Amino acid sequence: MFHLALKMLMGDRAKYIMLVGGLTFAALLMTQQNAVFQGLLSWTTSHLRNMRASIWVVEAHVDYANETKPLRDTDVNRVRSVKGVDFAVPMFQGILKAKDSDGADKQIMLIGLHGATLFGRPPQMLAGSLQQLRLPNTVVIDELGVQRLSAKGRPPIKIGDTFEINDREARIVGICRTERHFFGYPYVFSSYDQALQYAPRQRKMLSVILAEPKPGAAIADVARAIQRETGLKAYTSEEFAKVTVDYIWKNTGIPMSFMTTIILGFIVGVAVSGQTFFSFVLENLRHLGALKAMGASTWMLARMLLLQAFTVGMIGYGMGVGLAALFGFAVLPVGQPPFLLEASSMIKTAVAIVVMCCFSAFLGIRKVARLEPAIVFRG
Amino acid sequence: MSVPFKAPASTPSSGTPTAVRVRGVTKTFGTGDSRTVALKGVDFETREGELHLVVGPSGCGKTTLLSVVAGTLDWDAGEIDVLGTRLNGMSKAAVTAFRGRHIGFIFQQFNLIPTLTCVENVSVPLLLNGVHRHRAEQTAAELLQRVGLGDKGRKRPTELSGGQQQRVAIARALSHEPRLIICDEPTSALDRDTGHHIMDLLSTAARAPGRCVIIVTHDPRTYGYADRITEMEDGRVRQVLEGDALRHYVDQHT
Ligand SMILES: Nc1ncnc2c1ncn2[C@@H]1O[C@H](COP(=O)(O)OP(=O)(O)O)[C@@H](O)[C@H]1O
Ligand SMILES: [Mg+2]
């Protein structure tokens with residue numbers, strides 16, 4: 001009987017397409033929005049992955065990774081003196097104004113790395129040498145920097161070229177690859193001392209202290225010790241990522257707006273598939289009644305309806321998630337919008353589709369269970 | 001398989017076993033103003049091997065009687081025995097299973113599934129009885145051959161004429177070799193010649209030893225095919241005709 005159930009389903013072309021289309025749309029919308037949201041969330045912590053330090057020591061009122069409140073220079077030594085700390089280095093981070101080769105203003109994320117160790121260095125050098133940051137007025141920029149700081153209609157800037165940061169010359173000595181920063185500005189790396197010259201003069205210039213624990217010491221324990229003894233905030237990289245994501249959830253409307261769209265996709269899916277499937281059942285009620293008269297049990301008819309509902313569900317899910325993945329392949333090279341399709345997102349979409357199918361099938365099964373087979377004798 | 005019973009005076013019992021026996025069945029639809037008493041104490045009986053017509057004016061309760069006999073409709077009072085099984089007190093599920101095994105249906109509106117081919121439509125009762133798909137379709141094709149539609153197996157019902165569709169429905173009703181075939185107005189959606197063709201088929205292909213065919217109709221052209229006729233009027237059986245009385249009745253009405 002089940003092959004006939006599928007033929008009955010697909011024989012009604014219009015409803016079949018409507019069902020598959022509705023479920024595809026719902027699956028696509030939910031998966032794509034979730035992936036963009038997850039991508040955006042991953043951007044909020046990309047800074048941590050770019051610097052790759054075990055412990056981040058920040059000012060006591062810093063709540064998340066993309067916030068900067070300056071520290072005193074002396075804090076570096078206070079951290080160094082905490083038991084279990086192998087080494088601690090200063091880092092500068094700040095959004096500065098640069099000029100591209102046409103003289104147009106561009107915002108950049110300037111990172112000043114500790115000169116002796118260059119700790120916090122970018123994950124991957126594509127060209128040039130990081131060591132040359134020890135020379136005066138030198139910077140390493142990332143790929144986004146190449147893109148943003150090149151003038152329109154001219155060849156991209158390269159090693160040896162110069163541009164201006166805050167009216168001071170910056171000579172490019174290397175190109176690196178980074179994960180895109182949450183704020184969307186290109187990374188420009190210099191030495192710490194150089195960064196202080198680029199940045200506008202302020203009383204306190206130190207942004208973050210990056211620290212590593214002694215071999216064998218537990219990272220979290222060392223972070224707790226730093227916090228206790230210095231009164232500063234010390235996060236392990238994981239903790240900092242977690243509080244950052246928590247901060248986004250608690251203090252921004254971003255999750256809410258994505259949730260709204262995802263819930264909307266779910267509601268549209270439920271409404272379209274439920275409504276279409278129910279009218280499919282209503283249209284076939286006479287035939288279902290005839291099947292019942294001919295000896296089909298309610299359980300048999302229920303399984304037929306479940307098969308029909310889950311068939312369109314599976315096809316819709318496959319197409320929806322497939323299209324979401326295609327969207328991902330299209331936008332990832334561009335870098336905008338963020339996109340991170342995780343297995344858990346796909347499972348969530350699958351659960352939502354299963355709920356839709358169960359709901360649709362339930363509407364039909366309820367109708368069929370109450371169906372009097374005697375209706376087939378009525379004209 | 002026959003159930004011992006006291007035959008009503010109007011239907012003298014012969015040696016042939018009883019297929020269906022209905023005693024004192026009543027059925028009321030609705031309540032209050034919309035209350036309709038469709039069956040007002042009906043006694044009805046058919047024998048195996050018989051083609052039995054139930055006739056009477058529209059609204060007299062023929063379809064209702066057929067529905068309760070088929071176990072597709074609950075009734076209020078009275079006893080119903082079908083092929084030696086008492087339907088009173090049986091669960092819905094048990095009645096459904098019983099129907100699927102022993103009863104074949106032919107409807108006025110054919111009730112073929114339009115998205116399935118003729119072979120698939122005919123195979124449905126077999127599939128519901130657990131016959132494997134391949135075997136069921138083979139049998140279905142043979143039955144279509146028997147009703148003269150051997151070449152239409154891959155067509156959809158909507159591509160056929162009304163008479164052809166009803167022949168497909170006959171093939172479907174016969175496919176699982178049921179012992180009781182129930183037809184509600186099988187000819188009234190068809191023109192005269194086609195109606196005769198369908199009745200010919202029902203009286204040859206459907207009739208078999210041990211099988212009973214009950215046909216509800218108000219189409220006098222079909223009376224000549226009957227072994228017996230039960231005439232109903234206003235929710236009651238008016239008379240049961242066979243032998244000379246039946247011949248006289250048929251002559252009178254055709
Ligand atoms: N489902 C129903 N609800 C209400 N009244 C019904 C229903 N089915 C039949 N009736 C009524 O019962 C009576 C007998 O109907 P039916 O058995 O269909 O007659 P026939 O088949 O002889 O034309 C009619 O008055 C009809 O209106
Ligand atoms: Mg009727």
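The paragraphs that follow treat the ligand site and then the helix pair.

This is a predicted model, in which local features need pLDDT of at least 70 and side-chain atom pairs count only at pLDDT 80 or more, while totals for chains, interfaces and linings use all residues. Residues are numbered from 1 along each chain as its sequence is written, chains are lettered from A and ligands numbered from 1 in the order in which they are written, and side-chain values use heavy atoms, with hydrogens and water left out.

Because residues from chains A and B surround ligand 1, the site is shared between chains; a residue is counted here if one of its heavy atoms lies within 4 Å of the ligand. Among the surrounding residues are Arg378(A), Phe29(B), Pro57(B) and Lys62(B).

Turning to the helices (DSSP runs of H or I, at least four residues, numbered from the N terminus), H2 (residues 13-44) and H9 (residues 254-283) of chain A pack with their axes 9 Å apart, at an angle of about 170 degrees; the axes are lines fitted to C-alpha atoms over the stretch in contact, and angles run from 0 to 180 degrees between N-to-C directions. H2(A) is therefore roughly antiparallel to H9(A), a term for angles over 145 degrees.

Technical notes: Helix = DSSP H or I, 4+ residues; strand = E, 2+ residues; numbered from the N terminus. Parallel < 35°, antiparallel > 145°, perpendicular 65-115°, else oblique.
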